[in-house]
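Please read it with the sequence and the structure side by side.

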Amino acid sequence: MRFGGLEGTISKMKRGDGDRGQVLVLGPQQVWLDELRVEHDARVQLLTPLEASLLRYLADHGGVVPSEELHREVWNHHPNVRSRAARYTINRLRKKIEPDPRRPRYLKTIRGGGYRLISTRIAPHPTPALQLPIERGSFHGRSVLIGALGEWLEAHPLVTLIGPGGVGKTRLTGRFARQADERFPGGVFFCALDQVRSEPELVYVVAQALSAPTGAAEAPLERLGRAIASRGRCLVILDNFEQLVEHGTAAVQQWLAQAPQARWIVTSRARLGLADEMLLPVKPLPRDPCVALFQARAAAAGAQLDGSDEERDAICVLVERLDRLPLAVELAAARARLLSPSQLLARMSERFSMLRAPSRSGRHAALRATLDWSWALLSDAERTAAAWLSVFEGGFSVVAAESVLRDVLDGEWP
């Protein structure tokens, strides 16, 4: 299966440039799995990638691992294929890691059971400098939400940030991750899902973020769940999940069961509907932070604001007309170098052509693109309902909506 340009949507978070990768300690020896080397005093033995993968699998899973499982998970053999590959590789490995290969101390053969790696400990996964979506400019008005997100993740494995497009869910998640990464010794991993449409693609993106190979394994979903569990207390961020609610929720449910120490943040315009899910609504910014956001972005764009009461009043009206959506406010502020707040306000009838950012790409480049994305996710019945509900001005009650839609949808409403 091909996944288009998904590689570009993945950011694996690390900290620090001095980490050398995952290390396995066998008595006086250090096995650097990522560097494919065994160090003992001044002596160095080189490993093959297959040998390192075999050691990593045995260390991650602990206990006795049957040779059939090794052939299936490490070699990607079909379950019905009989092979001696594991035996040959383990005999070769013992010459590199055992003081006496004839009397193995670390890599044991369990009669009738398989193989076991004992007297080992595996160092924490490396946590080098966070690589997140670029944070443009200052951050405004979300300190209470960031605090709540941290508290909820202490008590619940899955928190979904839910809100309309352009409200700042991705930005909020990125800011939280930058402040809270020390809480997650297993690592923090950001997965951008705006190009993902299916469960196999979701598995691919998350596996790439964690550097967890799935290969041709028969159960990549389950194998990835074990890889997540091996990270211990880690944080996985699934950004822009709304188009995957139907096809990807079952995968998240399985990973929650397999990796109870992991924590998950999902940003979405729709809930997943899982029992373990906690919903944290992200609403438009309050007025004052919205005004501060406009002023900061306008100044960054080179606008000369005079700070007068009249100017502030115009900005206040402008951000209200933009529904206090951070994306819309930022796009408007980018025009402030050429148009005063009063002039911007006078052109609000042209808001869709005005609120564009040529330097950006994708659905955050323009307000219309964000709305088009949301519209495309609706079913035919939901689009019909939205069109008829546009007759209301300033909101409506459930009773009023039902009175308008009852005859129009004729039982099609889910």
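The points below go from the model as a whole to single residues.

1. Basis of the note. This is a predicted model, in which local features need pLDDT of at least 70 and side-chain atom pairs count only at pLDDT 80 or more, while totals for chains, interfaces and linings use all residues. Residues are numbered from 1 along each chain as its sequence is written, and side-chain values use heavy atoms, with hydrogens and water left out.

2. Confidence. The pLDDT (the predictor's confidence in each residue, from 0 to 100) averages 80 over the protein, and 80% of the residues score at least 70. Contact here means heavy atoms within 4.5 Å.

3. Overall make-up. The protein has 16 helices and 13 strands. These are DSSP runs numbered from the N terminus: helices are H or I with at least four residues, strands are E with at least two. Of the 414 residues, 45% are buried. Buried means under 20% relative accessible area, exposed over 50%, and partly exposed in between (1.4 Å probe, protein chains only). Among contacts between residues at least 6 apart in sequence, 69% join residues at least 24 apart.

4. Helices H4 and H5. The axes of H4 (residues 143-155) and H5 (residues 169-180) come within 10 Å and cross at roughly 65°. H4 is therefore roughly perpendicular to H5. Axes are lines fitted to C-alpha atoms, for helices over the stretch in contact, and angles run from 0 to 180 degrees between N-to-C directions. Under 35 degrees counts as roughly parallel, over 145 as roughly antiparallel, 65 to 115 as roughly perpendicular, and the rest as oblique. H4 contributes Leu-145, Ile-146, Leu-149, Gly-150 and Leu-153 to the contact, and H5 contributes Leu-172, Arg-175, Phe-176 and Gln-179. By class these are 6 nonpolar, 2 polar and 1 charged residues. Ala, Val, Leu, Ile, Met, Phe, Trp, Tyr, Cys and Pro count as nonpolar, Asp, Glu, Lys and Arg as charged, and the others, Gly among them, as polar.

5. Helices H9 and H10. The axes of H9 (residues 287-300) and H10 (residues 309-321) come within 9 Å and cross at roughly 110°, so H9 is roughly perpendicular to H10. The H9 side of the contact includes Val-291 and Phe-294, and the H10 side includes Ile-315 and Leu-318. The residues of this contact divide into 7 nonpolar, 1 polar and 4 charged.

6. Trp-264. Is Trp-264 buried or exposed? Trp-264 counts as buried because its relative accessibility is 0%. Trp-264 is found in strand S12 (residues 263-268). Beyond four places in sequence, it touches residues including Leu-153, Leu-158, Ile-228 and Trp-255. Its C-alpha atom is separated by 9.7 Å from that of Phe-189, 75 residues apart along the chain.

7. Two backbone angles to check. Asn-240 is not a glycine, yet has a positive phi of about 65°. Asn-240 is found in the loop between strand S11 and helix H8 and is buried, at 7% relative accessible area. Arg-324, not a glycine either, has a positive phi of about 55°. Arg-324 lies in the loop between H10 and helix H11 and is partly exposed, at 25%.
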